Amino acid sequence: MLKEVKTRYIKNCAKCGREIKVGWTAYFNPDTKELFCKPCGQIINKENPESVTKSEGTASDSQFDMLLDMLSKQSEQLSIASIALCLLREQIDGILNPIPEPKKSTKSK
Ligand SMILES: [Zn+2]
């Protein structure tokens, strides 16, 4: 069974030999002490579906993912709305409290 890990040292993938750099997501096999890069680890996990721990509750997982996706999209829209509100408030402030003319223009007169 492969474990998803964040690498803390540089190592080569045990399958394709690609260099796995520090901080990358990689797959570690505790039984053989082999480290695989993300694509290789995913392929190995797909080839051995029995070894994957996530065999139950996949439906709820995907629902959770959907919820997360929705929330992130909504928060994105919210942030856009808040930016628009800020701009609007600035415009209203400008109308209500006209900015006094800068000193430069008084000099030119
Ligand atoms: Zn690899």
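Two strands pair if DSSP finds at least two bridges between them. Strands (E, at least two residues) and helices (H or I, at least four residues) are DSSP runs, numbered from the N terminus. The model is predicted: local features need pLDDT of at least 70, side-chain atom pairs count only at pLDDT 80 or more, and totals for chains, interfaces and linings use all residues. Residues are numbered from 1 along each chain as its sequence is written.

**View A. Pairing of β4 with β5.** The antiparallel strands β4 and β5 are joined by four bridges. Tyr27 stands opposite Phe36 in β5.

**View B. The open sheet.** Three strands, in the order β1-β4-β5, form an open sheet with antiparallel pairing.

View C. Helix α1 (residues 38-47) lies across β4 and β5 and runs at about 105° to β5.

**View D. The largest nonpolar core.** Eight residues make up this core: Leu2, Ile20, Ala26, Tyr27, Leu35, Phe36, Cys37 and Cys40. Such a core is a set of buried Ala, Val, Leu, Ile, Met, Phe, Trp, Tyr and Cys residues joined through C-beta atoms within 7 Å, where buried means that 20 or more other C-beta atoms, placed from the backbone, lie within 10 Å of the residue's own. β4 (25-29) and β5 (34-37) each supply at least two core residues, and β5 gives the most, with three.

Notes
Buried ≥ 20, exposed ≤ 12 C-beta atoms within 10 Å, placed from the backbone. Contact = placed C-beta atoms within 7 Å. Axes fitted to C-alpha atoms, helices over the stretch in contact; angles between N-to-C directions.
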